[in-house]
Amino acid sequence: MKREIAVFDYAEHIMKELNKGVLLTTKADGRVNTMTISWGTLGIEWAKPIFTVFVREIRFTRTMLEKNGEFTINIPYGEVDRKILGIAGTKSGRDMDKIKELSLTPEEPEKISVPGIRELPLTLECRVIYKQKQDGAAISEADRERFYPQEVESGFHGSNRDYHTAYYGENVGAYVIEQADKPESAEAAVDKQKERR
């Protein structure tokens, strides 16, 4: 069961979790892939809610986004096995089926072709409406040296020589995947978080 949400009501939670790692899920040629990201932005452009993701040139996820410009952002909401984020962020979908290997449960999407991931239930459905490859010359020298060291091969999962492409995804749907057997609703969990502040 999915409970629709207003994405900006959850902006603080989304950005806190993004800093720790969330999943970017794609689908192309009948195959679903997911990758951990910790860079992204949530905002408004062209009077639309936008989630922008940054994907390095060599990534399998980039290949999939070029084939199908839709993606979901899958955000922890409550308990999550952090092993999922660790493996999804260091292994390539070219070499393994991460959905199968991590025993992830794809959740039928509402408005796009890419599923959500039940284990990370706060889900944003996005459709790419603009993309832009980074101009290395426009990045500060300090950030180029730190995040784009030219001596590090492109295949390395951390900072390497590849620049990113920014994919601006219009947020066309947002919801929390809820399981019927859960004793506490996700809404109740948010209320508890607010009470603790």
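Let's start inside strand 3 (residues 31-37), which is where Thr 34 sits; helices (H or I, at least four residues) and strands (E, at least two) are DSSP runs numbered from the N terminus. This is a predicted model, where local features need pLDDT of at least 70, side-chain atom pairs count only at pLDDT 80 or more, and totals for chains, interfaces and linings use all residues. Residues are numbered from 1 along each chain as its sequence is written, and side-chain values use heavy atoms, with hydrogens and water left out.

Thr 34 is buried because its relative accessible area is 0% (buried means under 20%, exposed over 50%, partly exposed in between, with a 1.4 Å probe and protein chains only). Its side chain makes a polar contact with the side chain of Thr 25 at 2.9 Å. A polar contact here is a pair of N or O atoms within 3.5 Å; within protein, one must be able to donate a hydrogen and the other to accept it, and residues adjacent in sequence count only if both atoms are side-chain atoms. Not counting residues up to four places away in sequence, Thr 34 touches Leu 23, Leu 24, Thr 25, Asn 74, Ala 88, Lys 98, Ile 99 and Leu 104, contact being heavy atoms within 4.5 Å.

## Rings and a lysine

The structure holds 6 aromatic pairs. One of them is tilted, because the rings of Trp 46 and Tyr 168 have their centres 6.0 Å apart and their planes at 50°. For the bookkeeping: rings of Phe, Tyr and Trp (its six-membered ring) pair if their centres lie within 6.5 Å, and planes under 30 degrees apart count as stacked, over 60 as edge-to-face and the rest as tilted. This pair links distant parts of the chain, 122 residues apart: Trp 46 is in the loop between strand 4 (40-45) and strand 5 (48-56), while Tyr 168 belongs to strand 10 (residues 164-177).

Trp 46 itself is partly exposed, with a relative accessible area of 45%. Elsewhere, Lys 2 lies over the face of Tyr 175, at 5.5 Å from the ring centre; the test is NZ of Lys or CZ of Arg within 6 Å of the ring centre and within 35 degrees of the ring normal.

## The largest pocket

The largest pocket comes out at a volume of about 650 Å³. Its lining has 29 residues, and the closest to the pocket centre are Met 35, Thr 36, Arg 59, Gly 89 and His 157. Strand 3, strand 5, helix 2 (60-67) and helix 3 (82-90) are the elements that give two or more residues to this lining. Helix 3 supplies the largest share, 5 residues.

On method, a pocket is an open set of points on a 1 Å grid over the protein atoms alone, where a 1.4 Å probe fits, with protein on both sides within 12 Å along at least five of seven lines; lining residues have an atom within 4 Å of a point. Grid points are joined across faces, edges and corners, and the volume is the space filled by probe spheres set on the points.

## Two positive phi values

Most residues other than glycine have a negative phi. Asp 29, in the loop between strand 2 (22-28) and strand 3, has a phi near 55°. Asp 29 is exposed, with a relative accessible area of 64%.

Ala 47 has a positive phi too, of about 60°, although it is not a glycine. Ala 47 is in the loop between strand 4 and strand 5, and counts as exposed because its relative accessible area is 77%.

Gly 21 lies in the loop between helix 1 (11-20) and strand 2, and is buried at a relative accessible area of 0%. Gly 21 and Gly 89 are 68 residues apart in sequence and 8.7 Å apart in space, C-alpha to C-alpha. Leaving aside neighbours within four places in sequence, Gly 21 is in contact with Thr 36, Ile 37, Pro 76, Arg 82 and Leu 85.

Gly 43 is in strand 4 and is partly exposed, at 22% relative accessible area. Beyond four places in sequence, the contacts of Gly 43 include Phe 8 and Ile 50. Ile 50 lies in strand 5 and counts as buried at 3% relative accessibility. Among the residues that Ile 50 touches are Gly 43, Ile 129 and Tyr 168. The C-alpha atoms of Ile 50 and Cys 126, 76 residues apart along the chain, are separated by 8.0 Å.
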